[in-house]
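Hi everyone, thanks for coming. I'd like to walk you through some ring contacts today, and then a ligand. Let me put the structure up.

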Amino acid sequence: MTDIKCTPFYYLLIIFLLVNLIKCKSYYPVVIIHGVLTGSDSMEQISSRIQEAHPGTQIFNTPRYAGWSSLEPMWHQVEEIGEDLMAISAAFPEGINLLGYSQGGLLARAILQRFPQHNVRTFISLSSPQAGQYGTKFLHLFFPDLVCETAYELFYSKVGQHTSVGNYWNDPYHQELYFKYSKFLPFVNNEEQSVNTTDYKLGLTKLKKLVLIGGPDDGVITPWQSSQFGFYQFNETVVEMRDREIYRTDAIGLKTLDKAKKLNIHTVPGIPHDQWHKNMTLVDLYILPYLD
Ligand SMILES: *[C@@H]1O[C@H](CO)[C@@H](O)[C@H](O)[C@H]1NC(C)=O
Ligand SMILES: *[C@@H]1O[C@H](CO)[C@@H](O)[C@H](O)[C@H]1NC(C)=O
Ligand SMILES: *[C@@H]1O[C@H](CO)[C@@H](O)[C@H](O)[C@H]1NC(C)=O
């Protein structure tokens with residue numbers, strides 16, 4: 001009887017096992033999109049944490065539209081960052097994961113819809129105004145006197161639509177003007193039908209996992225439920241995602257994902273808006289488990 005250890009088969013087996021061991025330990029690359037008025041540097045800490053916990057993860061933390069340029073129209077940003085994402089998709093045909101914080105999460109969502117041929121597996125939306133924004137706190141930096149009640153006069157105009165915030169400003173008291181002027185949110189929410197409606201739904205429905213993270217102490221995203229597709233209806237009473245039209249009619253696939261158990265929602269209290277990407281306990285608990 002020959003000793004199996006001496007056969008070429010034995011060496012092949014060892015190589016096979018080693019290759020698989022390395023394979024098993026590799027993670028899908030992660031594309032990261034920062035929030036408004038900041039840049040990729042604000043997402044360095046979270047990037048490092050991911051790489052520390054999941055060694056070997058390739059991270060693409062977009063440097064585009066940092067600082068003031070983050071206020072440029074949403075569609076411009078979607079187009080440009082979307083092209084980058086598609087190039088990364090092509091380089092990693094087995095799939096990638098996507099994480100967007102604040103405005104970056106809404107940009108990320110729209111990129112998935114605008115480029116439905118993407119190969120994103122899991123998309124994590126970290127406190128992003130997915131259903132729009134009706135709060136001026138973070139705008140006081142450059143519009144000190146802006147108040148919610150009259151902001152629509154600025155945002156629902158041709159000029160106002162040249163800003164990212166105007167593109168997702170959602171005033172429950174001026175919905176007619178919202179539909180008349182807004183060039184972005186009604187379209188990506190499929191509230192406004194277009195030739196792109198089918199693609200916009202496909203781009204989200206094909207995800208393996210959609211994770212929506214937000215919480216009641218956010219202080220900037222208003223209402224905070226917008227981070228989970230909830231929003232005001234008629235007045236300032238919040239309607240949860242599952243009771244809203246966008247979900248009930250399955251306009252963008254949220255219901256499909258939910259029924260297939262591919263939609264995970266996390267409500268985390270005690271986190272102010274500027275901490276979501278800086279609190280590493282939170283990253284460990286709610287983000288890392290989804291990054292495979
Ligand atoms: C459909 O999508 C294309 C590509 O983004 C865009 O150029 C076009 O304006 C969109 N059409 C409508 C009606 O939204
Ligand atoms: C908002 O509107 C709903 C439905 O019309 C009504 O039930 C609710 O009482 C209103 N809330 C406020 C604060 O006006
Ligand atoms: C970080 O997040 C954890 C988990 O939600 C929370 O318990 C903790 O209080 C947060 N820490 C800070 C400093 O906000």
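Tyr-134, Phe-155, Trp-169, Tyr-173, Phe-231 and Tyr-232 come together as one aromatic cluster. Please keep in mind that this is a predicted model. The count of aromatic pairs comes to 10.

Let me pick out one of them, Trp-75 with Phe-184.

How exposed are the two partners? Trp-75 has a relative accessible area of 24%, so we call this residue partly exposed. Phe-184 has a relative accessible area of 0%, so that one is buried.

Trp-75 also pairs with Tyr-200, and here the rings are stacked, at 6.3 Å centre to centre with 25° between the planes. Again distant parts of the chain are linked, helix α3 through Trp-75 and helix α9 (residues 197-205) through Tyr-200, 125 residues apart. Tyr-200 is buried, at 6% relative accessible area.

One more ring for you: the charged end of Arg-114 sits over the ring of Phe-115, 4.4 Å from its centre.

Now, on to the ligand. Which residues surround ligand 3? They are Val-268, Ile-271 and Asn-279. Asn-279 places a polar side-chain atom 2.4 Å from an oxygen atom of ligand 3. On its own, ligand 3 exposes 360 Å², and the protein buries 47% of that.

Terms used:
Residues are numbered from 1 along each chain as its sequence is written. Chains are lettered from A and ligands numbered from 1 in the order in which they are written. This is a predicted model: local features need pLDDT of at least 70, side-chain atom pairs count only at pLDDT 80 or more; totals for chains, interfaces and linings use all residues. Side-chain values use heavy atoms; hydrogens and water are left out. A residue is near a molecule or strand if one of its heavy atoms lies within 4 Å of it. A polar contact is a pair of N or O atoms within 3.5 Å; within protein, one must be able to donate a hydrogen and the other to accept it, and residues adjacent in sequence count only if both atoms are side-chain atoms. Accessible areas come from the Shrake-Rupley method with a 1.4 Å probe; for residues, only the protein chains shown count as cover. Rings of Phe, Tyr and Trp (its six-membered ring) pair if their centres lie within 6.5 Å; planes under 30 degrees apart count as stacked, over 60 as edge-to-face and the rest as tilted. Buried means under 20% relative accessible area, exposed over 50%, partly exposed in between (1.4 Å probe, protein chains only). Helices (H or I, at least four residues) and strands (E, at least two) are DSSP runs, numbered from the N terminus. A charge sits over a ring if NZ of Lys or CZ of Arg is within 6 Å of the ring centre and within 35 degrees of the ring normal.
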